[in-house]
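I opened this entry to keep track of what I looked up in the model, one topic at a time.

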Amino acid sequence: MSNYDEVRLPSTDWRAYRGVLSRRIFAFLIDYAIVALLWVPAAVIVFFLGIITLGLGWMLYPALFVIVAMLYFGLTIGGPNQASVGMNVMGLAVMRVDGRPMDFLTSVVYLVLFWLGNALLTPFILLIGLFTDRSRLLHDLLLGTVVVRRSGF
């Protein structure tokens, strides 16, 4: 039985959404610490790639953090757990409202919409979660996703 089977979606149990907003904040901090740590070996790899390609590979440096973050979130949220490492630590999972599992592309779009929402609404992006059903944020509403607590709440 995978971790995906533990989450009941779309859940009508109010306990599945209790405390989700505060848990998302801590999951965000954990995830971006991990992305920052993953950026360091990626930067070393790009350095050697730049030497091999006579400097051409170094053109990846401006977009390297974005590439690492997209791969990280695409592989984790789009993976079997339906959650990033930070979300797993905080006991959360991202699911589609229609019950289908998240895939890699949807996970990357989820991240891009999150970044755009933060760029336009920071710090007010979290206020949306206070007034929507199931503490959904703007990118959740646009993509038709919901963040829930895993079973055992």
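**Surface patch**

The areas come from the Shrake-Rupley method with a 1.4 Å probe, and for residues only the protein chains shown count as cover. Helix H2, residues 20–52, gives the most to the nonpolar patch, with 6 residues. Phe 47 sits in helix H2, and I noted it as partly exposed, with a relative accessible area of 37%. Here buried means under 20% relative accessible area, exposed means over 50%, and partly exposed lies in between (1.4 Å probe, protein chains only).

**Basis of the entries**

I am working from a predicted model, in which local features need pLDDT of at least 70 and side-chain atom pairs count only at pLDDT 80 or more, while totals for chains, interfaces and linings use all residues. Residues are numbered from 1 along each chain as its sequence is written, and side-chain values use heavy atoms, with hydrogens and water left out.

**Overall layout**

I listed 7 helices and 2 strands in the protein chain, and from the N terminus on the elements run α-α-α-α-β-α-α-α-β. Helices (H or I, at least four residues) and strands (E, at least two) are DSSP runs, numbered from the N terminus. Of the 153 residues, 39% count as buried. The chain exposes about 8,400 Å², of which carbon and sulfur atoms supply 75%. Among contacts between residues at least 6 apart in sequence, 68% join residues at least 24 apart, a contact being heavy atoms within 4.5 Å.

**Nonpolar core**

Which residues touch the most other members of the largest nonpolar core? Of its 23 residues, they are Phe 73, Ile 77, Met 87 and Val 94. H2, helix H3 (64–77), strand S1 (92–96) and helix H5 (104–121) each supply at least two residues of this core, and the largest share, 7 residues, comes from H2. I used the rule that a nonpolar core is a set of buried Ala, Val, Leu, Ile, Met, Phe, Trp, Tyr and Cys residues joined through side-chain atoms within 4.5 Å. In soluble globular proteins, nonpolar side chains tend to be buried together. I then followed Ile 77, which, not counting residues up to four places away in sequence, touches Gln 82, Ala 83, Ser 84, Met 87, Val 94, Met 102, Ser 107 and Tyr 110.

**Aromatic pairs**

I found 7 aromatic pairs in the structure. One of them is stacked, formed by Tyr 32 and Phe 65 at 6.4 Å centre to centre with 25° between the planes. The pair links distant parts of the chain, with Tyr 32 in helix H2 and Phe 65 in helix H3, 33 residues apart. Tyr 32 is buried at a relative accessible area of 16%, whereas Phe 65 is partly exposed at 35%. Rings of Phe, Tyr and Trp (its six-membered ring) pair if their centres lie within 6.5 Å, and planes under 30 degrees apart count as stacked, over 60 as edge-to-face and the rest as tilted. Ring pairs also link Phe 28, Tyr 32, Phe 65, Tyr 72, Phe 73 and Phe 114 into a cluster.

**Salt bridges**

I counted 4 salt bridges, each a side-chain nitrogen of Lys or Arg within 4 Å of a carboxyl oxygen of Asp or Glu. In one, the side chains of Arg 24 and Asp 140 meet at 2.6 Å, N to O. Arg 24 lies in helix H2 and Asp 140 in helix H7 (residues 138–143), so the pair ties together parts that are 116 residues apart in sequence. Both ends are buried, Arg 24 with a relative accessible area of 10% and Asp 140 with 0%. Leaving aside neighbours within four places in sequence, Arg 24 is in contact with Leu 92, Tyr 110, Ser 135, Leu 137, His 139, Asp 140 and Val 147.

I also noted the salt bridge of Asp 103 with Arg 96, whose closest N and O atoms are 3.3 Å apart; Asp 103 is partly exposed at 36% relative accessibility, while Arg 96 is buried at 11%.
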